[in-house]
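Colleague: I have the structure open and a few things to ask. Can we go through them one at a time?

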Amino acid sequence: MAPSVAPVLVAGGGPSGLVAALTLLQNNIPVRIVTKELDYRIGQRGNGVWPRTFEVFHFLRAFEMHQRARPIIPMREYKPGTLEPRKTFSMIPHLDPTPSIPYNNPMFLGQPTLEGILRSHLEKYGCSVELGTELVSFEDDGERVLAKLVKRKDGEEIPETFEASYLIGADGAKGVTRKQLGLSFLGETKDNFASVVGDLCLEIEGVDRKHWHLFGDRSSDFVMLRPTDEIAPDGFQFLIATKNYEPKQLLSDEKLMVKCMSELMGCEINIRKAIFLSEFRPNIRMVDKFGSGRVFVAGDAAHVHSPTGGQGLNSSVQDAFNLAWKLSLVYKGLSPVTLLDSYTTERLPVIAEMLNITTGIFNKLLSSTIEGAMQREKKMNMLGVNCRSTPIVVDEFTHAEPVNAYGLLEEGVLVAGDRAPDAPELGLVVAQATDGADMTTRLFDVFCPIYHTVLVFAPDAASAADVLEVLKRYPGDVVRPVIVLAQGSEVTTGAQADVVVDRGGHAYRAYLAVKGEKRVVAVRPDGVVGAIVHGAEGVGHYFGKIFV
């Protein structure tokens, strides 16, 4: 029997696999996505979503993510063995949105909810996650990937051979993809810290639902409780770390778990329902490269770390988003296969720095003050994460010194490889507005994972003609020019591109453009600035790195 075929096989139904699949589908690349899990996963798990990840979801048009997320609640620490508060503080100060940063705060969103939203978007493209289907091995012969799958249902195991042009292994730290590729996974396991984590429905008095609670002594035994209605009206995500009991003891004996928690909290509790329970020991490990040949890894298959800092799920989403637009162009024959090398080049330094940051936070959790351990630096919002050092970006305006991949977003600084800012209040110039409607847009509603957006800041539409001429070399469905005129500029219709007027001045300010001068900014499908150039020659130079 001939193997079944699809352009891309995604192994893993978590956030990285789902984002990779959705990005590919939006690029009209058929996908098959499988997971060995028999049911969709439960458990809040990675529940913190940071601003840059909300931006990714915006580009994917998954607006429900921000709509359903909830604000980060204050942390409250209690005197050991009591319900008497000792300190209450905010983990991160609230920041109002700005024109260039519409998502300025992290929020809580449980992983089951997040994954469910992504699956609903896959379904719009006729794609669903195949449960109970495990990738057990594969062979990359240079022309294709032959994957061996096993489908488990009703106690039966049905083997299958599946042919794909590419394989994305988002199958977790224990998955087969990284192991069979022979990628290193160097790092450490924190054996001195063992804990039980999960989701519980609790009957408990004296503990409100407005704070994230910490009971006990962080240097030895403690309990953390985060109330969340995503579980139930009496639901809590919890962590128990104790040297008095082994995690396996607590997992196998609910009465012992109740006793342990009650002692640390200084009050009686009752577990009404245990939703999800697991043992957890921090692992800090990462691969030395993110793929080989036609096979790539993303998310936990490529890196694992302490959950402190809440960067893991976010990094996994951004892995997948970085890879998928490039893979789409290569599969379509529009870009050279060498473009895929930039996936490792761009993500490796980001993940290495992320592991250092989250490990440092974890060490503080056990040794620092509670504020020092739990308060988060501004760089954690990931808006300063960049790929300035990648060879596929071009900047004719700035010869900046290298910066950390987890840089801090700087006002008045924009370099190729940085995150592209938003800009609202853009008036659309059209030949004839329907019913005299005032048509406006924002850059984040223009940016999209299926094309490069080429922003041409120019004195008038005619000044952009040379750039538009160069862009005719490339398929119109993967490059979208937008002429951006300053408020007060002469406006004419008839240009062979979208034309907008920067009514609020936000675009010119964010992109460091000057009225009356030309500046061209190419924004990649992943919302990263690919090029900042003077004109047509620079545009051709940049796209010469992207397209064949």
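Modeller: Start with a charge and a ring: the charged end of Arg226 sits over the ring of Phe108, 4.2 Å from its centre. Keep in mind that this is a predicted model.

Colleague: Which other residue lies over the face of a ring, Phe185 this time?

Modeller: That is Arg178, placed 3.8 Å from the centre of the Phe185 ring.

Colleague: And rings with rings? How many aromatic pairs does the structure hold?

Modeller: There are 16 aromatic pairs. One of them is formed by Phe59 and Phe447, with 6.1 Å from centre to centre and 70 degrees between the planes, which is edge-to-face.

Colleague: Where in the chain are Phe59 and Phe447?

Modeller: Phe59 is in helix α2, and Phe447 is in the loop between α11 (443-446) and β25 (452-457). They are 388 residues apart, so the pair links distant parts of the chain.

Colleague: Are Phe59 and Phe447 buried or exposed?

Modeller: Both Phe59 and Phe447 are buried.

Colleague: Which residues do ring pairs link into a cluster?

Modeller: The cluster is made up of Tyr474, Tyr542, Phe543 and Phe547.

Colleague: What lines the largest cavity?

Modeller: Its lining has 16 residues, and Arg52, Gln318, Arg347, Val385 and Val528 lie nearest the centre. Helices α2 (51-59), α8 (312-331) and α9 (341-367) are the elements that give two or more residues to this lining. By class, the largest cavity is lined by seven nonpolar, three polar and six charged residues.

Colleague: How many charged residues are in the lining of the second largest cavity?

Modeller: The lining of the second largest cavity has no charged residues, with seven nonpolar and three polar. Among the lining residues are Asn27, Trp325, Ser328, Leu329 and Tyr451. Helix α8 gives the most to this lining, with three residues.

Colleague: What about the second largest pocket, what is its volume?

Modeller: About 580 Å³. The second largest pocket is lined by 30 residues, and those nearest its centre are Ser100, Leu409, Glu410, Glu411 and Gly412. Its lining divides into 13 nonpolar, nine polar and eight charged residues.

Colleague: Why do you call α1 largely enclosed by the rest of the structure?

Modeller: Because 12 of the 12 residues of α1 are buried. They include Pro15, Leu18, Thr23 and Gln26.

Colleague: Which residue with a positive phi follows α1?

Modeller: Asn28, with a phi near 65 degrees.

Colleague: Last one. Where is Val500 found?

Modeller: Val500 is in strand β27 (residues 498-502).

Colleague: Why does Val500 count as buried?

Modeller: Its relative accessibility is 3%, and buried means under 20%.

Colleague: How far is Val500 from Leu426 in space?

Modeller: Val500 and Leu426 are 5.7 Å apart, C-alpha to C-alpha, and 74 residues apart in sequence.

Terms used. Residues are numbered from 1 along each chain as its sequence is written. This is a predicted model: local features need pLDDT of at least 70, side-chain atom pairs count only at pLDDT 80 or more; totals for chains, interfaces and linings use all residues. Side-chain values use heavy atoms; hydrogens and water are left out. On a 1 Å grid over the protein atoms alone, a cavity is a set of points where a 1.4 Å probe fits but cannot get out, and a pocket is an open set with protein on both sides within 12 Å along at least five of seven lines; lining residues have an atom within 4 Å of a point. Grid points are joined across faces, edges and corners, and a volume is the space filled by probe spheres set on the points. Ala, Val, Leu, Ile, Met, Phe, Trp, Tyr, Cys and Pro count as nonpolar, Asp, Glu, Lys and Arg as charged, and the others, Gly among them, as polar. Helices (H or I, at least four residues) and strands (E, at least two) are DSSP runs, numbered from the N terminus. Rings of Phe, Tyr and Trp (its six-membered ring) pair if their centres lie within 6.5 Å; planes under 30 degrees apart count as stacked, over 60 as edge-to-face and the rest as tilted. Buried means under 20% relative accessible area, exposed over 50%, partly exposed in between (1.4 Å probe, protein chains only). A charge sits over a ring if NZ of Lys or CZ of Arg is within 6 Å of the ring centre and within 35 degrees of the ring normal.
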